[in-house]
Amino acid sequence: MTTLFKNIKELIQVRDKQIDFVAGAEMKILPTIKNAFLVVENGLISDYGKMDDCPNAEFDTVVDATGKMILPSWCDSHTHIVYAGNREGEFVDRINGLSYEDIANNGGGILNSAKKLQETSEDDLYNQSKTRLEEVIQLGTGAVEIKSGYGLTADAELKMLRVIKRLKAAYPIEIKATFLGAHAVPSNYKNNKAGYLKMLIDDVMPKISSENLAEYVDIFCEKGYFSVEDTELILVAGKKHGLTPKIHVNQFNAIGGVQVGVKYNALSVDHLEIMRDEDIAALKNTKTMPVALPSCSYFLSIPYTPARKMIDAGLPLALATDYNPGSTPSGNMNFVISTACIKMKITPEEAINAATINGAYAMGLEQQVGSITKGKLANFILTKPINSYGFIPYSFGNHHIEKVYLKGLEVE
Ligand SMILES: N=CN[C@@H](CCC(=O)O)C(=O)O
Ligand SMILES: [Zn+2]
């Protein structure tokens, strides 16, 4: 099965050589080819170049992309899209003056979602979650990480992970799964956090390994949730079960989570709304990707990750949605890149790098997706006619996607 895309106004994020990620000043460079062609063979990118060099061969399908651009699908490395119900009530409570913290202290927040999820059957949870997955695919996402963490019992955490496994099998999008049992301390362990962590380690992790339910382990390292010591415990246990760390840190307070992530070679440290100079310094010259979640800052009216300062300090940056019912009920990566440009003062080139190749790295998929590179999956966005790629973040709240392709096939 071969497809030729011809007369592409601009082919974006073209990387002839496989790279892991871009950092610092390199993030301002977004390689493109104007007036380009792209060939897809059996789901993979097999060739591309200038139209002058377009192969004169027979193809099963030819798509004329005159006036349109092609860019790699968004790589959303941090989501919680498997959840039950929603938290619209808390949205109104916040409008009326309660803080995210007040709501959590009143038994709402993550515990509210956990109660709903525990009462929801696996099939129902699958059906609710697949709707969101289909929605983000239409919005241009071609690779996504999904976390557990709204179960908070052994059974409900495993139920979430099994739903993610079913989604992996049923959809052509690339999916990575993360075990986030340590998302909050459930009420029945209110005065026994150590017992809860022991249960996650002794009862849940072995089942995750034996059923191959996750690639990553996460924990909410934050005042009132889990400490740096709890984080070390979970990361060490996770590693024993083959789970690489990707952790929630520095959302409301900087308590040393970045340092513990770096110490245990976390693939990513995510949120980072509160960053001290020492946290930025700790990430320098490491393999740990800092991930910013601007839609969360927008929705909760909390500070934005100081992305400009971090990139200027030489760090890489990835952007993700954090799609979840409490802090970010949106999985729109187009909005994420706009918000990153507008609020974090990063350029369209930096934002697109952060949402493609760096996002791919933050979920261990940099060999498969995130750039137009021969041999990578043909997961990309065909835009509507637009004048420049900068129009995508500029035109905030809209998207300019005409079609999305996963493994070379148009998603209907
Ligand atoms: N901060 C921790 N976890 C989620 C939100 C949890 C919730 O409110 O449901 C996040 O990444 O924002
Ligand atoms: Zn999150």
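Q: Is histidine 78 buried or exposed?
A: You count neighbours: a residue is buried if 20 or more other C-beta atoms lie within 10 Å of its own, exposed if 12 or fewer, and partly exposed in between, with C-beta atoms placed from the backbone. Histidine 78 has 30 other C-beta atoms within 10 Å, so it is buried. Bear in mind that this is a predicted model, where local features need pLDDT of at least 70 and side-chain atom pairs count only at pLDDT 80 or more, while totals for chains, interfaces and linings use all residues. As for labels, residues are numbered from 1 along each chain as its sequence is written, and chains are lettered from A and ligands numbered from 1 in the order in which they are written.

Q: What do histidine 78 and histidine 80 touch?
A: Two residues are in contact if their C-beta atoms, placed from the backbone, lie within 7 Å. Not counting residues up to four places away in sequence, histidine 78 touches Glu145, Asp270, Val291, Leu293, Ala320 and Asp322. With its own neighbours within four places left aside, histidine 80 meets Lys147, Gly149, Tyr150, Tyr323 and Asn324.

Q: Which residues does UniProt list with His78 under "binding site"?
A: The unreviewed UniProt entry lists His78, His80, His248 and Asp322. They span 245 residues in sequence, yet no two of their C-alpha atoms are more than 12.1 Å apart, so they gather at one spot. The unreviewed entry also puts "binding site" on Arg87, Tyr150, His183, Gln251 and Ser327.

Q: Where do tyrosine 150 and serine 327 sit?
A: Both are in loops: tyrosine 150 between strand S7 (141-147) and H5, serine 327 between strand S13 (318-319) and helix H12 (333-344). Tyrosine 150 counts as buried because it has 31 C-beta neighbours inside 10 Å; serine 327 does because it has 23. Beyond four places in sequence, the contacts of tyrosine 150 include His80, Ile110, Ser113 and Leu117. By that same rule, serine 327 is in contact with Tyr100, Cys296, Phe299, Leu300 and Asp322.

Q: Which residues surround ligand 1?
A: A residue is near a molecule if its C-beta atom, placed from the backbone, lies within 6 Å of it. Around ligand 1 are Gly109, Ile110, Ser113, Phe220, His248, Gln251, Cys296, Asp322, Asn324, Pro325, Gly326 and Ser327. For classes, Ala, Val, Leu, Ile, Met, Phe, Trp, Tyr, Cys and Pro count as nonpolar, Asp, Glu, Lys and Arg as charged, and the others, Gly among them, as polar. That makes four nonpolar, seven polar and one charged residues in this shell.

Q: Which residues of helix H3 are buried?
A: An α-helix has 3.6 residues a turn, so residues three or four places apart point the same way. In H3 (residues 110-118), the buried ones are Ile110, Asn112, Ser113, Ala114 and Leu117. They pack against helix H2 (100-105), helix H4 (122-138) and helix H5 (154-170).

Q: How many bridges join strands S2 and S3?
A: Two strands pair if DSSP finds at least two bridges between them. S2 (residues 32-41) and S3 (residues 44-50) run antiparallel, joined by six bridges. Alanine 36, for one, has lysine 50 in S3 as its bridge partner. The hairpin has two residues between the strands, and asparagine 42 takes a positive phi near 50° there. Aspartate 47 is in S3 and counts as partly exposed because it has 15 C-beta neighbours inside 10 Å.

Q: What does the domain assignment give?
A: Domain bounds come from an automatic or database domain assignment. Here they are domain 1 (2-72 + 371-410) and domain 2 (75-361). Their C-alpha centres lie 29 Å apart, and 28 residues of domain 1 are in contact with 31 residues of domain 2. On the domain 1 side, strand S5 (69-72), helix H15 (391-394) and strand S15 (401-406) each give two or more residues. S15 gives the most, with three residues.

Technical notes
Helices (H or I, at least four residues) and strands (E, at least two) are DSSP runs, numbered from the N terminus. UniProt positions are given in the numbering used here, feature names are shortened, and annotations may be inferred rather than shown by experiment.
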